[in-house]
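Let's take a friendly walk through a protein model together. Please have the sequence and the 3D view open as you read.

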Amino acid sequence: QPTNQPTNQPTNQPTNQANQPTDQLTHDTFSLGMLATFFSADDVLAVIPNASTVAIAGCALLAVFLLSLWAPKRPAPAHTKGPKHQVFLGSTLEVARHSDQLADWVLRGTKKYGNWKRAWGFSTIRAGSMPNGVIVLSTPAEVQHVLKDKFDCYIKGDAFREFSGELVGRGIISTDGKEWKLHRRAAAPMFSRHLLRAGTAVALEQAKVLYGCLDKAVAAAPGSGDDVVDLQDRFLRYTVDVFCEIAFGCQTHAQTSHSAFAKSFDDALAHGTVRMTDPTWKLKRFFGLGAEGVFAKNCAYCRDTVRKFVREEAAQHVHSNDDDDDDDDDDDDDADGPVTKTTGGLIGRFTNAFVKQQQGGEAPSEEDIVNFVIVFLVAGRDTTAVTTAWAMLELARHPELQQVILDEVAEALPEG
């Protein structure tokens, strides 16, 4: 949502407060007293048929009042096209009808309203996670405009922080301005070649575990064709093991056993998607109703677990930051030699980078580190798992490409 609203509004607007009664309360009380003089209680009750009518009328007025508060201020921006805008509701019902296939609906809308050449948008009621509606970007130029050219004009805002903060806190995903820049610069050293090589070693070891799990599942299948292996679930388990080992230097064993952390993390992320299409989630959250109550417990469990890992690593002083500044990373990265699988320097490296960006200021708080680790898991885990699952689907649809990949692997890697 743009933040560069015009600021040249006059600040010295004339007011007519001087023309109003100096004692408004006394004036209103006197007026009520005059009404009581001319109308008795029986006269008032005579115009009210019964209590049920009053209740119905009151509920109707309350409903109209709430709708007027929640109604979209306007349809989608004039320079964009989009679904039909309804009074009070905007395109809320259209979005709700496609909530179970939102990505496909957005894709169809991009073709229908944007023709793959321009942005399109829709408005929703001013409640829930999309109070100002949505604009869908369709071209690289539009994406560059938002994420680069005019990045400071487009903020996440309080609504997004309220929507996502319960799980991710105030990290790079949910912050703006100077706070975002601080987290961005502190996160940059996480992508050094040394850590990428170390992370690759972890991924290869966990891939062997994944291969064993898949091999076992295939061997146990009776061959009737009715048994299905959920690859995306397997990939999600794989990536949580990989990224937890990279972050903490320990294993969660999500691939080979039930992991309460992986289950809670999955459920919390899944419910975050549900929140996007539920305008009443704040009310449910306040009373702890249904999935919102479970979501709160999952978020608390995930954050408590990460906090425990952070404290354990701090207590053991496992800060493998290579004893080098960021400027020396390239020299270390180019050095030959084995890459250790245990990488527990991620948290220490983030801490050092955070302090450096504050020019020797305070170290990050425990909550800052917890936020960073959860954002790291959210950003890396689901994207990797879902992309891999999608790649497997496309390879299944195009078996001729499978041999191309196998040939390349055989050429690039030694036997065994």
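The paragraphs below turn to salt bridges, then a pocket, then a few spots in loops.

A word on the model before we start: it is predicted, so local features need pLDDT of at least 70 and side-chain atom pairs count only at pLDDT 80 or more, while totals for chains, interfaces and linings use all residues. Residues are numbered from 1 along each chain as its sequence is written, and side-chain values use heavy atoms, with hydrogens and water left out.

Let's begin with charge pairs. Side chains of opposite charge can pair when their charged atoms come close. Taking a salt bridge as a side-chain nitrogen of Lys or Arg within 4 Å of a carboxyl oxygen of Asp or Glu, the count comes to 17. One of them joins Arg303 and Glu367, at 2.9 Å from N to O. Arg303 sits in helix 13 (residues 290–316) and Glu367 in helix 16, so this pair ties together parts that are 64 residues apart in sequence. Helices here are DSSP runs of H or I with at least four residues, and strands are runs of E with at least two, numbered from the N terminus. Arg303 is buried at 10% relative accessible area, whereas Glu367 is partly exposed at 32% (buried is under 20%, exposed over 50%, partly exposed in between, with a 1.4 Å probe and protein chains only).

Glu367 also meets Arg307 in a salt bridge of 2.8 Å, N to O. That pair again links helix 13 with helix 16, here across 60 residues. Shared partners join Arg303, Asp304, Arg307, Arg311, Glu366 and Glu367 into one network. Within it, Arg307 and Asp304 pair at 2.7 Å, N to O; both lie in helix 13, three residues apart, about one turn of the helix.

Now for the second largest pocket. A pocket is an open set of points on a 1 Å grid over the protein atoms alone, where a 1.4 Å probe fits, with protein on both sides within 12 Å along at least five of seven lines; lining residues have an atom within 4 Å of a point. This one is lined by 39 residues, with Ala203, Tyr238, Phe243, Thr384 and Thr388 nearest its centre. Helix 16 gives the largest share of the lining, 11 residues.

Finally, look at two loops. Trp116, between helix 5 (102–113) and strand 1 (120–122), has a positive phi near 65° and is partly exposed at 46%. His253, between helix 10 and helix 11 (260–276), has a positive phi of about 55° although it is not a glycine.
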